[in-house]
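This report describes selected local features of one protein model. Please consult the sequence and the structure shown here while reading.

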Amino acid sequence: MTQTFVIRSLAPLLALASLSALAQDRIYRCGNEYTNDAEVAKARGCKPMDGGNITIIQGTAPQAPRPVAAAAPRPTTSQPAARTSGERVDSGEQRARDSDARAILEAELRKAQDRLAQAQKAYANGAPEKEGIEGRNHQRYLDRVAELKAAVSRAEGDVAGIQRELSRFSGASAAAGSAAK
């Protein structure tokens, strides 16, 4: 009786295993496409795939961007009314924007100069003090020196870029001042 029970309980499992084996037909690759239809594969000259099972997940087609109608915020006393691209900004408002931008750039320049000073101090002209295991592992020391040198170069580039941007403001304000005269 227990043998028939075991056979009856294993029968559905065996049936599922045989069905899954049947579901795994031979897979053919046709360029970037895959098929399990032997006739289509033969007609297209596809190559049979060897190895394990292949799972293909169909990607989604990209959708065209939809124009979003943003609700324009109502102007407040601290926020000017929204302008269309054809309108010009009066000179007083533009000067205020320029001075705000210049103040932001000057603050960024101070931060970048501080980062540069810290990086130069840590780099110590290419000879920083060895830390921890670097006394026994010279390559680790050389790697850290290279990282410090790269940090100094990045900081110098940041400072130079901000200074260029600030020079555009002083050049633009000088050109605007001479044009107004």
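## Glu134

Glu134 is buried, with a relative accessible area of 4%; buried denotes under 20% relative accessible area, exposed over 50% and partly exposed in between, with a 1.4 Å probe and protein chains only. Glu134 lies in the loop between α3 (91-123) and α4 (138-180). Helices (H or I, at least four residues) and strands (E, at least two) are DSSP runs numbered from the N terminus. Beyond residues up to four places away in sequence, Glu134 touches Glu129, Arg140, Tyr141 and Arg144, contact being heavy atoms within 4.5 Å.

## Basis of the model

The model is predicted: local features need pLDDT of at least 70, side-chain atom pairs count only at pLDDT 80 or more, and totals for chains, interfaces and linings use all residues. Residues are numbered from 1 along each chain as its sequence is written, and side-chain values use heavy atoms, with hydrogens and water left out.

## Arg144

Arg144 belongs to helix α4 and counts as buried at 15% relative accessibility. Ten residues separate Arg144 and Glu134 along the chain, and their C-alpha atoms are 9.2 Å apart.

Neighbours within four places in sequence aside, Arg144 is in contact with Pro128, Glu129, Lys130, Glu131 and Glu134. The Arg144 side chain reaches the backbone oxygen of Glu129 at 2.5 Å.

## The sheet

Three strands form an open antiparallel sheet in the order β2-β1-β3. Strands β2 (33-35) and β3 (47-48) are at the edges, each with a single partner strand, so one side of each has no neighbour in the sheet. Strands pair if DSSP finds at least two bridges between them.

Three bridges join β1 (residues 28-30) to β2 in antiparallel fashion. Arg29 stands opposite Tyr34 in β2.

Key
Polar contact = N/O pair within 3.5 Å; in protein donor to acceptor, adjacent residues only side chain to side chain.
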